[in-house]
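Trainee: I have a structure open and would like to talk it through with you. Could you start with the terms and then take my questions as they come?
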Amino acid sequence: MPQPNFSEAGATTYAAPVPAGTRRTYFETCNDFLDCPIFERASLLPGSCLQGPAIIEQMDATTVIPPDFEATTDDWGNLILRPIAKAPQHDLRKDGNHRQRT
């Protein structure tokens, strides 16, 4: 049986995607409505990176990127969502020592 040929979508050049519009969207983690840029899925090229909040629309699906997440398009056109790393928070004690919150 012949194996399928999965070719890459194109060169891995970063292209800044342009939003097609915006939409007010409620996020429970923020307890508020936020203005979210809307992107057309077909316009995302390999290497495109979006930081949430954002919405990606296509004919058969909608992907919501929450705040504190980012989406990257890989060389095959897949969307990879990852949480954005936050800087550790520190407490300043009376003695001047820093302690990382857990």
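Mentor: Let us begin with accessibility: a residue is buried under 20% relative accessible area, exposed over 50%, and partly exposed in between, using a 1.4 Å probe and protein chains only. This is a predicted model, in which local features need pLDDT of at least 70 and side-chain atom pairs count only at pLDDT 80 or more, while totals for chains, interfaces and linings use all residues. Residues are numbered from 1 along each chain as its sequence is written, and side-chain values use heavy atoms, with hydrogens and water left out.

Trainee: What share of the protein is buried, then?
Mentor: Of the 102 residues in the protein, 20% are buried.

Trainee: And how many helices and strands are there?
Mentor: The protein has zero helices and nine strands, where helices (H or I, at least four residues) and strands (E, at least two) are DSSP runs numbered from the N terminus.

Trainee: Which strands make up the open sheet, and in what order?
Mentor: Four strands form it, in the order E1-E2-E4-E5, and the pairing is mixed; two strands count as paired if DSSP finds at least two bridges between them. Strand E1 (21–27) and strand E5 (61–65) are the edge strands, each pairing on one side only.

Trainee: In which sense do E2 and E4 pair?
Mentor: Strand E2 (residues 32–40) and strand E4 (residues 54–58) run in the parallel sense, paired over three bridges, and Ile38 stands opposite Ile55 in E4.

Trainee: Changing topic, how many salt bridges do you get?
Mentor: The count comes to two, taking a salt bridge as a side-chain nitrogen of Lys or Arg within 4 Å of a carboxyl oxygen of Asp or Glu. One of them joins Arg23 to Glu57, with the closest N and O atoms 3.0 Å apart. That pair links distant parts of the chain, since Arg23 is in strand E1 and Glu57 in strand E4, 34 residues apart.

Trainee: Is Arg23 buried, exposed or partly exposed, and what is its relative accessible area?
Mentor: Arg23 is partly exposed, with a relative accessible area of 37%.

Trainee: Which side chains meet in the salt bridge at 3.3 Å, N to O?
Mentor: Those are the side chains of Arg24 and Asp35. Arg24 lies in strand E1 and Asp35 in strand E2, so this pair ties together parts that are 11 residues apart in sequence.

Trainee: Does Asp35 count as buried or exposed?
Mentor: Asp35 counts as exposed, because its relative accessibility is 51%.
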